[in-house]
Amino acid sequence: MSQQLTVSGLYSNKFVERFIALISNTTGLSHDGSATAVGVAAIATALFAWQRIRSSRENPAFNGIPTPKGARPIIGHVLSLGSNLPKTFRKWHKELGPVFRIKLGSKDVIVISNPALTHDLLSTNGKYTSDRPDSFALQDFNRGNNHGVVAGNPNDKVYNTLRKTVLNALGPKRLKEESSVLCNEADEFVDLVSTGENIDPLEPLMRISLNFILLTLFSTRTTSIDDPLYKQAIHIITTFMSFTGIVNAAAAVIPILRVLSPILGNDKKMSDFFTNTCKSFYDSLVEKGLDADGDNMAKLLNDELNQGKRGNYDNMFHTIHDMLVAGTDTTGVTITWAFLQISTKPEVQKKIQEEIDAFVDKHGRVPYFWERDSVPYMIAVQRECFRLRPTTEFGVPHAVGEAFEWRGTLIPKDTMIFSNMMDAHVDPEKYPNPEKFDPDRFLGLEDTMFSSANRKAENRDQFNFGWGRRVCPGSHLAETQMFNVWVRVLSRCNIMPAVDKNGNDVPETLDTVSPKSGPTVVSPSPFKIRFVPRNKN
Ligand code: HEM
């Protein structure tokens, strides 16, 4: 144990972190990340030579876990990351294998791609690996011990209560009760887009994703993208993201900086934004939710945290904010990527439509989520689209809460862990011929993505909802929403490429629409497709 403490001490050098913060703030990293990083490297080399001496001592931690060349004092591998992080990581996986270690500043980061190994590290050893990094952007966003769900830590009682409440509010039983409300949203989306005109589906999909969340939380919704509620919610989501976006600007050069937001000193601004802008917004929504008829998550949270008392909802805000941020663009973006993929695959759509039409002929309506065994091919296509374009590149980082031994090596406390979603989903053992679009690989998988997410890697369909104790509690809502939208869109429309002014198709694919890496979610660059009403005769 004493050895473990010594080792973990080596890897949490607060002085070094503060040094980086100082340099970043005084030199304006957001304006010229490259130059700043080089400057940091040069000064760091001189000032921190002593740290090299410490590091050269024999260190049993990470024994056998390879590390790429190119680490520099203080900034570690930052300058070796390049502008395309998934590409760099793929190269390093090829050279070093499915698990390697890099240094980000003074932090150690394990990057892991193989699904079975990731399950072993993050699920089987979840007791040690389910914290969030102490520098995680959201954590200082709150005072006291209620960090909400995304940034809370599992040894924290409040976190466990909140997570349970969220799982309860977003579980299959509740969502079945809410199904007609949720289906109406999907119908409205189709009404809006089925014009046959060129359209970028992202914003309308974001709005209905937001509506799913608003309805679940507060029994309220937005009526259009001009609705002040929509504008304000999107303003809050994007402003929040833009705080990590200082990092984004630097991330054009050094993408990994997007997870280093606190080191870059955003926390105070973020907490002011929360107090001044978000609080009144969430206050009024909670009041609305508590006044509404029927159940919603605001009522559940208020009962759990405030014993139903009205007037002060501060301890609910982080969880509410988590839902809004974690649930809106994730689902909207996932559906958008999938529609892009099938827009050039009419034969795939035709097979799905045959399934839906057969159901409609028999029942006079499209299937509900719990009747999904009537559309097995559609479910397989959804899974294949999700596999080929993961919604997040590296999930949400985990952190080691307590040093532990993993496969014969010591993993120190505070080590960050990135699960490489991009590579996990093209693992050739798990997915033979992984680059091929082949929905048939998922045929016969009866269970939901929600239940699959809690299985061993070999029995999971895909890994987009994360790992172990932290697996996404909104996955059932996301899956239900995706189902409702897919089934309604494809029952009424063909999704087709956009056309130019001469009426020629302008097909877009995963190869032509580049991903825009955000702090967590990867959305597509703007593109257009058409939702052309079907002529069923
Ligand atoms: C396709 C849509 C979605 C994807 C791909 C997705 C993905 C993820 C991932 C990768 C994580 C991190 C898991 C880990 O740490 O290993 C996560 C966590 C989380 N997600 Fe989702 N998510 C989606 C939709 C939603 C929705 C609709 C909600 C809520 C309304 C939601 C709420 C959350 C929350 C609260 C967490 C934090 C859980 C924790 O840290 O304990 N997500 N999600």
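Predicted model: local features only at pLDDT ≥ 70, side-chain atom pairs only at ≥ 80, totals over all residues.
Colleague: How many helices and strands are in the protein?

Modeller: The protein has 20 helices and 12 strands. Both are DSSP runs, numbered from the N terminus: helices are H or I with at least four residues, strands are E with at least two.

Colleague: What share of the residues is buried?

Modeller: Of the 537 residues, 48% are buried. A residue is buried if 20 or more other C-beta atoms lie within 10 Å of its own, exposed if 12 or fewer, and partly exposed in between; C-beta atoms are placed from the backbone.

Colleague: Why is Leu210 called buried?

Modeller: Leu210 has 25 other C-beta atoms within 10 Å. The cut-off is 20 or more, so Leu210 is buried. Leu210 sits in helix α11 (residues 202-218).

Colleague: Which residues does Leu210 contact, leaving aside neighbours within four places in sequence?

Modeller: They are Thr222, Tyr230, Ala233 and Thr328. Contact means that the C-beta atoms of two residues, placed from the backbone, lie within 7 Å. Leu210 and Val325 are 115 residues apart in sequence, and their C-alpha atoms are 9.2 Å apart in space.

Colleague: What makes Phe527 buried?

Modeller: Phe527 has 21 C-beta neighbours inside 10 Å, so Phe527 counts as buried. Phe527 lies in the loop between β11 (522-524) and β12. Not counting residues up to four places away in sequence, Phe527 touches Asp200, Leu340, Glu508 and Val513. Leu340 is 187 residues from Phe527 along the chain, yet their C-alpha atoms are separated by 8.5 Å.

Colleague: What part of the contacts with a separation of 6 or more joins residues 24 or more positions apart?

Modeller: Such residues account for 73% of those contacts in the protein.

Colleague: Why are α10 and α20 called oblique?

Modeller: The axes of α10 (residues 179-193) and α20 (residues 475-492) cross at roughly 40° and come within 9 Å. Axes are lines fitted to C-alpha atoms, for helices over the stretch in contact; angles run from 0 to 180 degrees between N-to-C directions. Under 35 degrees is roughly parallel, over 145 roughly antiparallel, 65 to 115 roughly perpendicular, and the rest oblique. The two helices are therefore oblique to each other.

Colleague: What is the hand of that crossing, and which residue classes make up the contact of α10 with α20?

Modeller: α10 passes α20 in a right-handed crossing. A crossing is right-handed if the near helix is turned clockwise from the far one by less than a right angle, and left-handed if anticlockwise. Residues of α10 in the contact include Leu182, Cys183 and Phe189; those of α20 include Val485, Arg488 and Arg492. The contact divides into seven nonpolar, three polar and three charged residues. Ala, Val, Leu, Ile, Met, Phe, Trp, Tyr, Cys and Pro count as nonpolar, Asp, Glu, Lys and Arg as charged, and the others, Gly among them, as polar.

Colleague: At what angle do α14 and α15 pack, and what is that called?

Modeller: α14 (residues 297-306) and α15 (residues 314-342) pack at about 140°, with axes 10 Å apart. That makes α14 oblique to α15. The contact is made by Leu301, Asn302 and Leu305 of α14 with Asn315, Met316 and Thr319 of α15. It has three nonpolar, three polar and no charged residues.

Colleague: How do you know that β8 and β12 pair?

Modeller: Two strands pair if DSSP finds at least two bridges between them. Five bridges join β8 to β12, which run antiparallel. Ile495 has Phe531 in β12 as its bridge partner.

Colleague: What makes β3 and β9 edge strands?

Modeller: The open, antiparallel sheet has the order β3-β12-β8-β9. β3 (198-199) and β9 (505-506) each have a single partner strand, so one side of each is left without a neighbour in the sheet. β8 and β9 pair over two bridges, and Ala498 stands opposite Val506 in β9.

Colleague: Which strands form the mixed sheet, and in what order?

Modeller: Four strands form that open sheet in the order β1-β2-β7-β4. β4 and β7 (residues 416-419) pair in the antiparallel sense over two bridges. His398 stands opposite Ile417 in β7.

Key
Residues numbered from 1 in each chain as written.
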